Amino acid sequence: MSPVDVLWESPVTIRLTTGLEKSFSSISDALDFLEFEWPSKRGAYHNSAVVSCRNALKKMTPPAVAREYFFAACLEAGFKPKTVTAAGLAATGGFHANAHGSHP
């Protein structure tokens, strides 16, 4: 049985490197993108985003944490954010806790 999806309070919208915009309103949407549509180059925030999304679906991590790591992974991959979140700090090293409690 698969976990129940969790919606974010507001979607994360990004501009892909192709110029297309994509919006993610739930953890399952983000996890699917991270696992099956992500570019081949994966950074440290990608792994943290995958782990935190999986844990949020199991109610082990707050959805807001999964959202922040997803946003940070998008920044790290070079996607242009259309959404403003605290994860913007990730680009400057200001976001310090990952799904396991340490910086990736």
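# Briefing: fold, helix packing and salt bridges

Along the sequence, the protein chain follows the pattern β-β-α-α-α-β, with three helices and three strands; helices (H or I, at least four residues) and strands (E, at least two) are DSSP runs numbered from the N terminus. This is a predicted model, in which local features need pLDDT of at least 70 and side-chain atom pairs count only at pLDDT 80 or more, while totals for chains, interfaces and linings use all residues. Residues are numbered from 1 along each chain as its sequence is written, and side-chain values use heavy atoms, with hydrogens and water left out.

**Overall chain**

- Of the 104 residues of the protein chain, 40% count as buried; buried means under 20% relative accessible area, exposed over 50%, and partly exposed in between (1.4 Å probe, protein chains only).
- The protein chain exposes about 5800 Å², of which carbon and sulfur atoms supply 57%; accessible areas come from the Shrake-Rupley method with a 1.4 Å probe, and for residues only the protein chains shown count as cover.
- Among contacts in the protein chain with a separation of 6 or more, 50% are accounted for by residues 24 or more positions apart, where contact means heavy atoms within 4.5 Å.

**Helix 1 against helix 2**

- Helix 1 and helix 2 pack at an angle of about 145 degrees, with their axes 10 Å apart; axes are lines fitted to C-alpha atoms, for helices over the stretch in contact, and angles run from 0 to 180 degrees between N-to-C directions.
- The contact is made by Ile27, Ser28, Ala30, Leu31, Leu34 and Glu35 of helix 1 and by His46, Ala49, Val50, Cys53, Arg54, Ala56 and Leu57 of helix 2.
- By class, this contact of helix 1 with helix 2 has nine nonpolar, two polar and two charged residues; Ala, Val, Leu, Ile, Met, Phe, Trp, Tyr, Cys and Pro count as nonpolar, Asp, Glu, Lys and Arg as charged, and the others, Gly among them, as polar.
- Helix 1 passes helix 2 in a left-handed crossing, a crossing being left-handed if the near helix is turned anticlockwise from the far one by less than a right angle, and right-handed if clockwise.

**Helix 1 against helix 3**

- Helix 1 (residues 27-37) and helix 3 pack at an angle of about 35 degrees, and their axes are 11 Å apart.
- The crossing of helix 1 past helix 3 is left-handed.
- On the helix 1 side, Ile27, Ala30, Phe33 and Leu34 meet Pro63, Ala66, Phe70 and Ala73 in helix 3.
- The contact of helix 1 with helix 3 has eight nonpolar, no polar and no charged residues.

**Salt bridges**

- Side chains of opposite charge can pair when their charged atoms come close.
- A search of the whole structure finds four salt bridges, each defined as a side-chain nitrogen of Lys or Arg within 4 Å of a carboxyl oxygen of Asp or Glu.
- The side chains of Lys82 and Glu21 form one of them (3.4 Å, N to O). Lys82 lies in the segment after strand 3 (80-81) and Glu21 in strand 2 (residues 21-26), so the pair ties together parts that are 61 residues apart in sequence.
- Lys82 is partly exposed at 46% relative accessibility, and Glu21 is partly exposed with a relative accessible area of 45%.
- Glu37 forms a salt bridge with Lys22, the closest N and O atoms being 3.3 Å apart. This pair links distant parts of the chain, with Glu37 in helix 1 and Lys22 in strand 2, 15 residues apart.
- Glu37 is partly exposed at a relative accessible area of 40%, and Lys22 is partly exposed at 27% relative accessibility.
- Arg54 pairs with Glu35 in a salt bridge whose closest N and O atoms are 2.4 Å apart. Arg54 lies in helix 2 and Glu35 in helix 1, so the pair ties together parts that are 19 residues apart in sequence.
- Arg54 is partly exposed, with a relative accessible area of 40%, as is Glu35, with 26%.
- Salt bridges that share partners join Arg15, Glu21 and Lys82 into one network.

**Loop between helix 2 and helix 3**

- Thr61 is placed in the loop between helix 2 (44-57) and helix 3 (63-76).
- Thr61 counts as buried because its relative accessibility is 11%.
- Not counting residues up to four places away in sequence, Thr61 touches Ser52, Asn55, Ala56 and Ala66.
- Lys59 is also found in the loop between helix 2 and helix 3, and counts as exposed at 63% relative accessibility.
- Although Lys59 is not a glycine, it has a positive phi of about 65 degrees.
- Most residues other than glycine have a negative phi.
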